[in-house]
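User: I would like to go through this model by question and answer. Please begin with the terms.

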Amino acid sequence: MISKTLLVEGWRGINHSYAMVNQYQLLELKNRTINLYHKDVSFYRNSWNSTQNFCGFNPVEMQKIESIPRPTKGVIPDVTYRIGFPYNLKPPKYGRLFVFGTSECQILTGEMIPAGDRSFQFNKLPLTIITPSNWSKIGFLNAGFDEKQVIVVSHGVDLSIFKPLDGVLRANFRRLIGADEASFVLLSVGAMTGN
C-alpha cells in the first residue's frame, strides 16, 4: 500500500482553540499510517508565545507533537490541511487543500479572510472547509461556499481529562448552584474574547 503524505500548516505550543484542535489532531494523526509533516505558521498576535500561552500538554505529548518533522524541499503533499487564522485559502502547489475554520457568529468577516482572498468566488475554489458544527457551517454557506465544500467534523473529548464526577462531588456542586437532581445543568467553558 502506498502511504499518503499530509502537510499540516498550523499553530503548536499555545492554548488558542485552533492550536489545541491542531495539537490533538496531530497526536491522533501520529497513530496513522501516513507521512505526516507540520509547518508552523505565524501566530495571529505577536504577543502569543508558548511561555505565556502554554498549551498544557504533558512532556510526552509535547515531544510527540514537536517530533513531527517540518517538510523538506522534496516533500510533495497529497493533502495540505491548514488550521490557523486568518484563513489561508490560496491553493497549495501540490495536492488537495483542506482549511479548518469557524464562523462563530455565522458570518465570515474581513478579519477572517485576507483582503486578497476576499475577491475569490468561494464556491469556485478547489478546497474543502472543515468546521466543528452545523451552526458554523451555515456561516460558510452564507458567505458563498458550496454545500459540498463544507464538512462538519465535531470535536472529540479526551476522556482521560473529561469524565463524570463521582456522585458525592456531583451532588455537592449541584447543591452549591441551587440545582436539584431533576435540574438540567449546562456548563460552558471558554474565554469569551474576541480572539
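Analyst: Buried means under 20% relative accessible area, exposed means over 50%, and partly exposed lies in between (1.4 Å probe, protein chains only). This is a predicted model, in which local features need pLDDT of at least 70 and side-chain atom pairs count only at pLDDT 80 or more, while totals for chains, interfaces and linings use all residues. Residues are numbered from 1 along each chain as its sequence is written, and side-chain values use heavy atoms, with hydrogens and water left out.

User: Is lysine 137 buried or exposed?
Analyst: Lysine 137 pairs with glutamate 147 in a salt bridge at 2.7 Å, N to O (a side-chain nitrogen of Lys or Arg within 4 Å of a carboxyl oxygen of Asp or Glu). The pair links distant parts of the chain, ten residues apart: lysine 137 is in helix H3 (134-142), and glutamate 147 is in the loop between H3 and strand S6 (150-152). Helices (H or I, at least four residues) and strands (E, at least two) are DSSP runs, numbered from the N terminus. Glutamate 147 is partly exposed at 47%, whereas lysine 137 has a relative accessible area of 14% and is therefore buried.

User: How many salt bridges does a search of the whole structure find?
Analyst: Side chains of opposite charge can pair when their charged atoms come close. One network of salt bridges links Arg12, Asp40, Glu66 and Arg70. The search of the whole structure gives a total of seven.

User: With which arginine does glutamate 181 form a salt bridge whose closest N and O atoms are 3.9 Å apart?
Analyst: Glutamate 181 also meets arginine 170, at 3.1 Å, N to O. Glutamate 181 lies in the segment after H4 and arginine 170 in helix H4, so that pair ties together parts eleven residues apart in sequence. Glutamate 181 is exposed at 55%, and arginine 170 is partly exposed at 35%. The partner at 3.9 Å is buried, with a relative accessible area of 8%: arginine 174.

User: Which backbone oxygen does the side chain of serine 103 reach?
Analyst: Serine 103 is in the loop between strand S4 (96-100) and strand S5 (128-131), and its relative accessible area is 0%, so it counts as buried. Leaving aside neighbours within four places in sequence, its contacts (heavy atoms within 4.5 Å) include Leu108, Met112 and Trp135. A polar contact is a pair of N or O atoms within 3.5 Å; within protein, one must be able to donate a hydrogen and the other to accept it, and residues adjacent in sequence count only if both atoms are side-chain atoms. At 2.6 Å, the side chain of serine 103 reaches the backbone oxygen of serine 136.

User: What is the phi of glutamine 106?
Analyst: Most residues other than glycine have a negative phi, and most peptide bonds are trans. Glutamine 106 is in the loop between S4 and S5 and, at 17% relative accessibility, is buried. It is not a glycine, yet its phi is positive, about 60 degrees.

User: What is the omega of the cis peptide bond from phenylalanine 85 to proline 86?
Analyst: Proline 86 is in the loop between strand S3 (79-83) and S4. The bond from phenylalanine 85 is cis, with omega near -5 degrees.
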